[in-house]
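Here is a walk through a protein model, taken one region at a time. Keep the structure open beside the text and follow along.

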Amino acid sequence: MLKIVVCVKAVPDPKAAGNIKIDPQTKTLLRGNVPMVLNPLDKNALEAALQIKTGMEVHITVLSMGPPEAASIVKECLALGADRGILLSDRGFGGADAFATAYTLAMGVQKNGDADVVFCGMASSDGATEWVGPEMATMLDMPVVTMVREIIPHADEAWEVKSALENGYRRMRVRLPAVFTVTRDLNSPRTLSFSGIIKARKKTITEWGLDDLGVSAERVGLKGSPTIVTEMRTVENTRKVEFIEGTREEKAEQLVQKLVEVGVL
Amino acid sequence: MIDFTFTEEQEMFRKAAREFAETMIMPKVAEMEKTGDVSQDVVKALAEADMMGITIPEEYGGLGLGYTERLIALEEISRVSVATAMMLQVFALGIEPIIKFGSEETKKKYLPGLATGKRLATTAVTEATGGSDPTGIKSSYTKDGEDFIVNGRKCFITNSHIADTITILAKAEDTPKAFCAFVIDENMPGWKATHKEHKVGMRGCNTGELSFEGLRIGKAQLLGAEGKGLGVTMAAIGDVGRGGMVGTALGLQAACLEESIKFAGQRILYGKPISFLQSIQNKIAEMKIDLEAGKLLGYRAAAIQDAGGRSSNEFAVAKYYTTEAAQKAAKMAVDIHGGYGCMEEYPVTRFWRDAAVLGPSAGTSDIMKVIIARWAMS
């Protein structure tokens with residue numbers, strides 16, 4: 001049976017991104033009442049695993065690192081069709097950058113054992129570094145293909161994948177085990193269903209902390225993070241309305257001139 | 001202490017229903033508004049998302065969930081399309097008498113198909129001479145051996161032209177106080193859907209007439225005891241019909257509030273968004289108060305039923321309150337939009353038309369007051 005691990009993250013709902021503020025003193029995000037949701041690209045990652053499951057025997061484990069409240073998004077993944085959920089949760093994991101997150105997740109994948117495929121969203125909607133997948137692959141000593149937009153799984157353990165490049169794509173065969181980070185072009189994620197939620201009643205979520213993973217506190221969380229955020233600010237969007245007067249020709253001329261001035265033309 | 005919180009699972013049901021409504025129904029709303037017809041894509045989507053089998057027991061292929069979950073689903077669907085919520089709520093109105101009063105054979109015959117959407121249900125009680133007063137109906141039956149022969153016609157029947165599994169009420173021709181409830185299906189000759197109504201709102205939800213001419217019904221199709229059919233249909237309307245209207249109204253209230261907040265935040269007047277004006281804030285506050293109060297009334301009634309009780313009176317209160325509040329909210333939402341509130345590209349025009357249909361559906365507000373007064377004085 002093919003063992004797939006899908007790494008997922010709870011992020012502030014991007015639809016309510018306008019309500020998220022930045023604390024000017026601490027440079028941390030003030031999430032307010034913005035609910036936590038499953039990172040949109042992680043939905044594509046889970047969907048990839050679920051689609052593969054329709055064609056072959058597959059066991060899907062969903063792995064997430066986050067506070068205890070993140071269990072709700074793991075539960076959501078179980079309702080969408082994953083078989084098992086693991087939440088890596090410990091105060092020691094707090095404040096992790098992409099590197100420490102990748103390390104913690106890699107240790108989770110290792111403890112879960114014998115993963116044939118690890119799927120990640122290409123990026124999270126809040127951090128957006130795109131580093132976690134590739135860093136995790138390095139730590140697990142697995143090949144990685146980023147920005148995957150098409151997958152043709154084969155039983156012979158070498159999958160065909162198409163990944164996005166700036167001006168085109170790259171098609172390759174990849175021997176498993178491997179890590180894939182996926183784009184939104186890969187598939188259209190399914191939505192939650194009532195029957196899926198009912199089926200998830202029987203599925204379990206395992207919680208692992210620092211001691212369960214058996215890793216040093218120096219390698220995880222803030223202590224294990226080689227990068228720190230030094231500046232964060234809100235981009236102000238301003239809107240200015242100006243009425244152009246004159247004849248039709250004069251208006252057109254002025255409009256073109258103004259568009260050139262602001263750099264649109 | 002009373003626990004007013006939804007369970008984690010119920011919150012997930014809400015999320016599922018909202019995602020479903022926004023991804024599968026919302027893209028079809030414009031088409032339904034334009035044609036006024038039921039969207040087959042929407043019916044198919046409702047079936048695939050298990051929405052038709054929410055309260056059908058698991059042993060008959062349903063989800064075996066309760067009235068609270070049904071209310072959650074209806075609220076979220078109505079927030080996107082009142083017409084679709086109405087159609088769905090009446091499917092359940094047709095399903096409930098089979099669950100509660102059908103024989104084991106009847107349940108096995110119909111419920112699995114109804115749970116998966118292969119069959120579509122409704123209940124037909126209302127006639128020109130009796131709806132709120134069902135004893136005034138003229139559709140009648142005579143006995144022919146073990147069979148019943150039904151003649152008559154029904155009007156204002158939701159899902160009239162799409163349903164193939166229909167609970168009907170008829171009175172005995174020779175014993176005016178004896179009523180029978182039957183379930184009929186497409187394989188029985190002698191009935192047909194006739195006139196289709198063109199409603200002011202809820203476009204995309206079918207309403208029309210049914211006619212019965214020499215409709216022969218076997219004894220096995222009886223729901224409840226012979227002569228006791230009034231109780232069968234009234235129980236369904238009281239518990240499921242009114243409850244369904246509450247979910248539908250709550251969704252419309254929420255939609256009115258959301259669109260009003262959105263518009264009031266964007267529309268600039270006196271150099272500021274109109275949301276800064278107290279007169280606008282008053283309307284938004286009233287909508288919010290009504291929505292919160294309506295939820296408490298509706299979900300309490302649903303919780304009573306989930307605990308095994310009857311709550312047709314509590315649902316009468318909630319139905320009165322929420323459908324009145326939805327009409328009020330739609331008017332206020334249109335007012336907040338000013339001139340834009342008359343333009344069809346703004347959804348509040350649809351809300352206003354839909355709200356007009358909410359009041360009389362499943363019993364007018366005046367009839368709800370009759371029921372509530374009777375309850376208060378009992």
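Predicted model: local features only at pLDDT ≥ 70, side-chain atom pairs only at ≥ 80, totals over all residues.

The residues around it are K43(A), L46(A), E47(A), L50(A), L80(A), P189(A) and R190(A). Helix α1 of chain A, residues 40-53, is the top contributor here, giving four residues to the lining. The volume of this second largest cavity is about 40 Å³.

Where is the largest cavity, then, and what lines it? Go over to chain B, where the lining is made up of M51(B), M52(B), G53(B), I54(B), T55(B), R70(B), L74(B), L88(B), Q89(B), F91(B), A92(B) and I95(B). Two elements of chain B, α3 (67-80) and α4 (82-101), each give two or more residues to that lining. The largest share, five residues, belongs to α4(B). Sorted by class, the lining has eight nonpolar, three polar and one charged residue. This cavity holds about 100 Å³ of space, and the whole structure has three cavities of 30 Å³ or more.

Stay with α3(B) for a moment, as it also packs against helix α7 of chain B, residues 278-306. The angle between the two is about 145°, and their axes are 8 Å apart. On the α3(B) side the contact uses Y67(B), T68(B), E69(B), L71(B), I72(B) and E75(B), while residues of α7(B) including Y299(B), A302(B) and D306(B) meet them. This contact counts six nonpolar, three polar and four charged residues.

Start at β2(B), residues 140-144, which pairs antiparallel with β3(B), residues 147-158, over five bridges. These two strands make a hairpin with two residues between them, and G145(B) in the turn has a positive phi of about 70°. D144(B) has D147(B) as its bridge partner. From there, β3(B) is joined by eight bridges to β7(B), residues 207-217, again running antiparallel. In that pairing, K154(B) stands opposite L210(B).

Now back to chain A for its sheet. Nine strands form an open, mixed sheet in the order β11-β10-β9-β12-β8-β1-β6-β7-β13. β11 (168-175) and β13 (205-208) of chain A stand at the edges with a single partner strand each, so one side of each has no neighbour in the sheet. From one strand to the next, the twist averages 35°. Within the sheet, β9(A), residues 144-152, and β10(A), residues 158-165, pair in the antiparallel sense over four bridges, and E150(A) has K162(A) as its bridge partner. Helix α3 of chain A, residues 98-112, lies across β1, β6, β7, β8 and β13 of chain A, at about 145° to β6(A).

Last stop: the place where the chains meet. There, 15 residues of chain A are in contact with 18 residues of chain B. Between them the chains bury about 1,500 Å², 63% of it on carbon and sulfur atoms. Which residues of chain A lose the most area to chain B? They are L192(A), F194(A) and I197(A), together 44% of what that side buries.

Definitions and conventions
Residues numbered from 1 in each chain as written. Chains lettered and ligands numbered in written order. Heavy atoms only, no water. 1 Å grid on protein atoms, 1.4 Å probe; cavity = no way out; pocket = protein on both sides within 12 Å on 5 of 7 lines; lining within 4 Å. Points joined across faces, edges and corners; volume = space filled by probe spheres on them. Nonpolar A, V, L, I, M, F, W, Y, C, P; charged D, E, K, R; others polar. Axes fitted to C-alpha atoms, helices over the stretch in contact; angles between N-to-C directions. Contact = heavy atoms within 4.5 Å. Pairing = 2+ DSSP bridges. Buried area = accessible area lost by both parts, 1.4 Å probe.
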